[in-house]
Structure formats: structure tokens, C-alpha cells
Amino acid sequence: MSDLRDRLLAIFAEHRAALTRFLTRRLGSATLAEDLTQETWVRVATASTVGTTAADNPRSYLFRIAANLAIDHQRHAHRGVEIEAPAPVLDAVADPAPSPEIVALHRSEMARLLRAVDQLPPRCRQVFLLTKVHELSYAEVAVRLGISRNTVMVHMVNALAALDAHLAPSDDA
């Protein structure tokens, strides 16, 4: 048994590049192919029993293991199967949620914007909100408020200028 395993491992070393190319063509990813080639090595090295196919045609046996690993991977990938990772791996993965500092900063900036919008003259604020929050076109705002499209544009220019001035960073910051 040990002699057969040693022979399989020697044949694996001899055909490693061919196995990786085979898996790359099958999976479309050189990195994944390299991982599954390594997994093929692990399967051969840790197998408790080796069948007659391995003794009769060891190269075919290696490629069959690799092909089965590729099929298993594709099944799991299509099902969205999750695998359990050890704690050190999970700890190394960045949390996609923003940090508490970023959340606080964004809330502060939003509060500044809302205060600035509240300070706009009533008609200017109304035009700004209809355009930017409710996403109405200038023509739609003009019809809704009973004013000309050009007046809507003037209010928007004034609103944006006032907001820009209010939200601009101060020189002493």
C-alpha cells in the first residue's frame, strides 16, 4: 500500500503541471486550478485505501480525482454553499460595514446639510427639494409651482451657491 502511494505521489509530481492545465481549462481560473491540484495531492497522500484503478493506471486515477474535485467545486459554487473557515481567517476579513467613526462623520455631515437647506429662502428651498429629493425635472417643478422654467433655474443656482457657501470648509479648520 505504501509503495503504491509513493508511486502515486511520484506520478503526481511528474504530472502536476498537466493536472493544473487540465483544471485551468475546466474551471477557467488558474488560481482555483492550483488550489484543486494541491487538494488532489492531499487526497492521494491521505487516502486510507487506494483502488485497483490507481494501481492499473495511476495517471488516470490522479486526473479522475482532480476532475471529481472540479465537479464538486462547481456544484458548490452554483449552490452558493458556504464553507466554514477557521477563526484566524475570519478575523483577517475586513468588515464591509463602515466604522463607527465614519458613521458619525456622515451623520454630522448630513446634519450640516439639513441645517443649510433649512436656511434657504422658502421658494428656493422648495425648488431645491423638488429637484434634488423628489427628482423632478425643472419643467415639472415649474408646472407644479406655477413659475417659469427659467425662474426654477435661477432658484436652483441660488440654492446651490448658498449651500456651497454654507458647507465650504472654513479656513481655520
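Let me start with Thr131, which counts as buried at 11% relative accessibility; buried means under 20% relative accessible area, exposed over 50%, and partly exposed in between, with a 1.4 Å probe and protein chains only. Before going on: this is a predicted model, where local features need pLDDT of at least 70, side-chain atom pairs count only at pLDDT 80 or more, and totals for chains, interfaces and linings use all residues. Residues are numbered from 1 along each chain as its sequence is written, and side-chain values use heavy atoms, with hydrogens and water left out.

Thr131 lies in helix H7. Helices here are DSSP runs of H or I with at least four residues, numbered from the N terminus. Leaving aside residues up to four places away in sequence, Thr131 touches Leu136, Tyr138, Val141 and Met156, where contact means heavy atoms within 4.5 Å.

Now the helix itself. H7 covers residues 122-133, which is 12 residues, and its first and last C-alpha are 15 Å apart, close to the 16 Å expected at 1.5 Å a residue. That expected span is 1.5 Å times one less than the number of residues. Besides Thr131, the buried residues in H7 are Cys124, Val127, Phe128 and Leu130. What do the buried residues of H7 pack against? They pack against H6, helix H8 (138-145) and helix H9 (149-167). Just after H7, Glu135 has a positive phi of about 55 degrees.

Next, the aromatic rings. An aromatic pair is described by the distance of the centres and the angle of the planes. Rings of Phe, Tyr and Trp (its six-membered ring) pair if their centres lie within 6.5 Å; planes under 30 degrees apart count as stacked, over 60 as edge-to-face and the rest as tilted. How many aromatic pairs does the structure hold? It holds two. In one, the ring centres of Phe12 and Trp41 are 5.0 Å apart and the planes are at 50 degrees, so this pair is tilted. It links distant parts of the chain, with Phe12 in helix H1 (residues 2-27) and Trp41 in helix H2 (residues 30-46), 29 residues apart. Phe12 is buried, at a relative accessible area of 2%, while Trp41 is partly exposed at 30%.

In the other pair, Phe22 and Phe63 have ring centres 5.4 Å apart and planes at 70 degrees, so the pair is edge-to-face. Here Phe22 is in helix H1 and Phe63 in helix H4 (residues 58-79), 41 residues apart. Phe63 is buried, with a relative accessible area of 14%.

Notes:
Helix = DSSP H or I, 4+ residues; strand = E, 2+ residues; numbered from the N terminus.
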